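Subject: Handover of a structure

Dear colleague,

Please find the structure below, together with its sequence. I would be grateful if you could look at it alongside the notes that come after it.

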Amino acid sequence: MRLLAAALLALMLIAPSLAQDAATDEYDWPEYTVSNDLAALPEAVRRTREALIAAALTGDIEALRPIVKAQQNPPTVSYGGPDDAVDYLKTYSADGQGIESLAIMLELLNAPYAVFDSASDNPSYVWPYLAVVEDLSALTPTEKLDAYRILTHEQFQELVDLEAWYYWRLYIGKDGEWQAFVAGD
């Protein structure tokens, strides 16, 4: 009877580990590469990035509107899908004018980026690259420095505790479409 109990106990201890390994195998995180080489960006991505920076530097959130209107689809700025991306960024900016949103955008676009899903035919370019890092608790000191250029220590620790990057991030498609500027899940 002891032998049977020991075998059952051993099986119960091993089963969660096996289930975790199986779950990990079911979903492979898309490949990404990290860079700060702006010359390596596709021309369309570089143009959109430069247009977003120029718009942000005006300090007027309305400067983003021509970029949004020139696209086939508006960028995602909230997972609630607001009708007007620019109005949303203005309304939910702490200052009520969108200046905070523009400042955050500038900080992100001046950070190193990731080519996310780099093995596919249609990768996204993501600022900061930290948004696609799978384990924020395993960052190197240099990567933590990149995080602290964007976040306070308390903000960074919150993301480590949540086990995901929930802070702002910006996506541009290979075709130059500004795909998203979002925070949260």
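The notes below go from the whole chain to the sheet, the helices and some individual residues.

This is a predicted model, in which local features need pLDDT of at least 70 and side-chain atom pairs count only at pLDDT 80 or more, while totals for chains, interfaces and linings use all residues. Residues are numbered from 1 along each chain as its sequence is written, and side-chain values use heavy atoms, with hydrogens and water left out.

Overall make-up

The chain has seven helices and five strands; helices (H or I, at least four residues) and strands (E, at least two) are DSSP runs, numbered from the N terminus. Read from the N terminus, their order is α-β-α-α-α-α-β-β-α-α-β-β. Of the 185 residues, 39% are buried, where buried means under 20% relative accessible area, exposed over 50%, and partly exposed in between (1.4 Å probe, protein chains only). The chain exposes about 10,900 Å², and carbon and sulfur atoms supply 54% of this area; accessible areas come from the Shrake-Rupley method with a 1.4 Å probe, and for residues only the protein chains shown count as cover. Among contacts (heavy atoms within 4.5 Å) between residues at least 6 apart in sequence, 57% join residues at least 24 apart.

The sheet and the helices across it

Five strands form an open sheet in the order 1-2-3-4-5, with antiparallel pairing; two strands pair if DSSP finds at least two bridges between them. Strand 1 (32–35) and strand 5 (178–182) stand at the edges with a single partner strand each, so one side of each has no neighbour in the sheet. From one strand to the next, the twist averages 20°. Axes here are lines fitted to C-alpha atoms, for helices over the stretch in contact, and angles run from 0 to 180 degrees between N-to-C directions.

Four bridges link strand 3 (residues 124–127) and strand 4 (residues 169–173) in the antiparallel sense, and Y125 stands opposite I172 in strand 4. Helix 2 (residues 43–57) lies across strand 3, strand 4 and strand 5, at about 140° to strand 4. Helix 5 also lies across strand 3, strand 4 and strand 5, and runs at about 115° to strand 5.

The buried residues of helix 7 are F156, L159 and V160. They cover an arc of only 100° around the axis, which puts them on the same side of helix 7; the arc is that of the directions from the helix axis to the C-beta atoms. These buried residues pack against helix 6, whereas the exposed residues E154 and D161 are carried on the face turned away from the buried side.

E163 lies in the loop between helix 7 (153–162) and strand 4. Most residues other than glycine have a negative phi, and most peptide bonds are trans. E163 is not a glycine, yet has a positive phi of about 65°. This residue is exposed, with a relative accessible area of 65%.

Two further loop sites

A cis peptide bond, with omega about -10°, joins W127 and P128. P128 belongs to the loop between strand 3 and helix 6 (141–148).

S93 sits in the loop between helix 4 (85–91) and helix 5 (99–109). S93 counts as buried because its relative accessibility is 4%. Apart from its neighbours within four places in sequence, S93 is in contact with G98, I99, E100 and S101.

With kind regards
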